[in-house]
Structures are given as structure tokens and as C-alpha cells.
Amino acid sequence: MSKVTELGYLGLHISDGDAWRRFAADIAGLEVFDEGEPDRFYLRMDYWHHRFVMHVGGDDDLAYMGWRVADQDALDDIAARLDAADIAYRVGTAEEAVERRVLGLIKLTDPSGNVVELFFGPLIAMDMPFHPGRRMHGKFKTGSEGLGHVLIHADDPVASHRFYKLLGLEGFIQYHLNTPVGRAEPTFMHCNDRQHSIAFGIAGTKRLNHLMLEYTELNDLGKAHDIVRSQGIDVALQLGKHSNDEALTFYFSTPSGWLLELGWGSAKSFSQQQYHTNDVFGHGPEVMGSLDVEL
Ligand code: MBD
Ligand code: FE
């Protein structure tokens with residue numbers, strides 16, 4: 001059975017391009033990359049042509065998720081499963097493949113209307129090594145684990161779980177949490193060694209609650225934390241260690257309102273399920289409004 005292999009790229013609608021260019025480079029250390037297109041710029045993390053397409057002018061939310069598959073055969077195989085499950089999709093045109101810098105793709109939506117692109121053959125720009133936006137000790141952890149993870153909105157977590165399982169992701173509910181609006185039982189799913197590439201089941205106002213990126217070096221997380229604190233940016237959850245992926249992370253506001261979770265030291269995904277009611281330590285809530293959970 002063919003499966004998606006990684007969360008490969010994201011498209012984001014943003015209202016303030018200049019704020020995002022500064023934020024991405026100066027705080028996270030991402031590379032801002034321009035191809036002279038007036039309506040967009042790119043963010044890089046590694047050898048990939050891009051990991052993020054920043055579409056300027058819009059509603060400050062997720063535009064699309066790009067999930068990678070190995071090749072055309074794998075894409076055809078998953079498309080046949082979508083047909084059998086009566087899930088509609090559209091085969092991307094040659095122009096759309098060029099636009100995304102991939103060899104081929106199909107487009108569909110998940111049960112909550114989040115746009116999903118399944119693609120194979122990304123452009124890996126070996127002549128253009130990653131150039132961090134600020135000094136970095138190490139790199140972003142990508143490779144076979146993809147760009148990181150997203151926590152997205154799900155109207156119906158059971159339907160979303162069924163949908164992402166059809167794409168080949170595995171996982172289930174991993175926390176029972178208290179929130180101001182009641183209990184939350186978020187689901188976490190993986191498709192490679194990254195403990196989770198997607199999560200859902202926490203109330204929010206946007207399609208995208210947060211994006212998590214991981215550093216290979218603890219010093220880069222510390223540096224990001226220093227910069228966020230010195231700029232007085234709203235921190236939603238303070239530094240702490242998650243029980244499921246065991247990553248040391250903190251969450252803070254992006255120029256789009258949704259949160260960036262930066263982390264280090266994540267454990268690998270596991271095949272037998274377990275769940276948690278608390279994190280290992282930390283993650284104390286600071287500025288309420290975006291991720292109001294008691295971890
Ligand atoms: C995560 O990455 C996360 O965002 C939450 C809320 C819980 C566990 C791991
Ligand atoms: Fe997270």
C-alpha cells in the first residue's frame with residue numbers, strides 16, 4: 001500500500017510580507033528566497049527549492065499542505081484509493097506542477113476543507129545550499145522527517161482521522177487535556193520517523209493553529225528564545241517538554257496570528273499507541289487566546 005512519506009511543503013496566505021520576511025529570517029533563521037514573483041516569496045530550510053510559499057495578500061491562514069509520495073506509481077495508487085472511497089480530487093496541470101516545483105501532483109481537500117496536495121518529485125536545488133537568515137549553530141531537522149508538523153483545524157476529528165489514514169498516516173488520540181472550553185482529545189499522526197507530522201482536535205479560530213520546526217542543535221532553540229524574549233513577542237506556551245514527542249519546545253505568535261512552535265530533541269515515532277494527560281515539564285500558558293490547553 002502506497003503512503004505519503006513526509007509533510008513536504010506548505011502554502012501560507014499572509015497579509016504582511018515585510019513583517020514575515022523579518023520574522024522568518026531574524027527569529028527562526030529561515031532563508032528568505034525571492035524569484036521575482038510579485039505575489040509571493042519563498043522560505044527555505046534545506047536543499048529543497050522551498051519549504052514554504054508565502055502568498056502575500058490574504059487571510060493570514062493556511063493555503064495548502066504538500067504531502068510527498070515516492071513517485072507517479074505511488075500517486076496513482078493513492079488516487080485509486082481516493083476513487084474507491086468516493087473522495088474527489090483533481091490532477092494538477094503541467095503549469096501547476098511547475099508552479100510548485102514538483103514533477104506531478106493532485107489536489108483535494110480534507111473533510112474540514114483544508115487544501116491537500118499530494119505530490120512527487122520536488123526540486124532539490126543542490127547548487128543552492130541553505131543559507132540561514134541569522135547565525136545558526138546547526139541546521140533545521142528535515143531529511144526523511146519532512147519540514148516539521150502542523151496542528152490544523154478539524155470540524156470532525158473522526159472524519160479527519162479516517163481521511164489521513166487513507167493517505168497512509170498512522171496514529172490516534174495521544175492526549176486527554178483540559179481546556180477552558182472543556183476536554184480535548186487531540187490526535188497525532190505520523191508517516192515517517194518524525195513522531196507526528198499532523199495533529200488535530202484542539203479548538204481554534206484558524207485552519208492553522210501552529211507550525212512546528214525543529215533544530216538539530218539546542219543552542220539554536222536557545223537563541224530563538226532569546227530573540228523572541230528580547231523583541232517582546234507574545235509567548236503562548238513557555239519552554240517545556242512534550243510527553244509524546246519528548247521535544248523541548250515553546251510557542252509564540254507569528255505575524256499571521258497563528259503560532260510557531262520551535263523545538264529540539266524530538267523522539268522518533270512509535271507504532272503502539274499510548275496517551276498522556278500532562279507534559280513532562282513546563283509549557284506553562286502565558287498569553288491566552290491561541291492554544292489554551294493545560295499541558
Ligand atoms: C505537540 O507538538 C503539541 O503541539 C501539543 C499541543 C501536544 C503534544 C505535542
Ligand atoms: Fe505541536
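**Cavities and pockets in the predicted model**

Helix 1 is the main contributor to the lining of the second largest cavity, giving four residues. Helices here are DSSP runs of H or I with at least four residues, strands are runs of E with at least two, and both are numbered from the N terminus. A cavity is a set of points on a 1 Å grid, over the protein atoms alone, where a 1.4 Å probe fits but cannot get out, and lining residues have an atom within 4 Å of a point.

Before going on, the conventions. This is a predicted model, in which local features need pLDDT of at least 70 and side-chain atom pairs count only at pLDDT 80 or more, while totals for chains, interfaces and linings use all residues. Residues are numbered from 1 along each chain as its sequence is written, chains are lettered from A and ligands numbered from 1 in the order in which they are written, and side-chain values use heavy atoms, leaving out hydrogens and water.

Back to that second cavity. Its volume is about 80 Å³, where volume is the space filled by probe spheres set on the points, and points are joined across faces, edges and corners. Helix 1 (17-28) and strand 15 (208-215) each supply at least two lining residues. The lining includes Trp20, Phe23, Leu211 and Trp258. By class there are twelve nonpolar, no polar and no charged residues. Nonpolar means Ala, Val, Leu, Ile, Met, Phe, Trp, Tyr, Cys and Pro; charged means Asp, Glu, Lys and Arg; the others, Gly among them, are polar.

How many cavities are there of 30 Å³ or more? The count is four.

Now the pockets. A pocket is an open set of points with protein on both sides within 12 Å along at least five of seven lines. The largest pocket has about 340 Å³ of space. Of its 22 lining residues, Ala203, Gly204, Gly289, Ser290 and Leu291 are the closest to the centre. Strand 12 (182-184) and strand 15 each supply at least two residues, and strand 12 has the largest share, with three. The classes are ten nonpolar, nine polar and three charged.

The second largest pocket comes to about 180 Å³. Among the residues lining this pocket are Asp46, Trp48, Arg51, Phe130 and Lys139. Its lining divides into six nonpolar, two polar and three charged residues.
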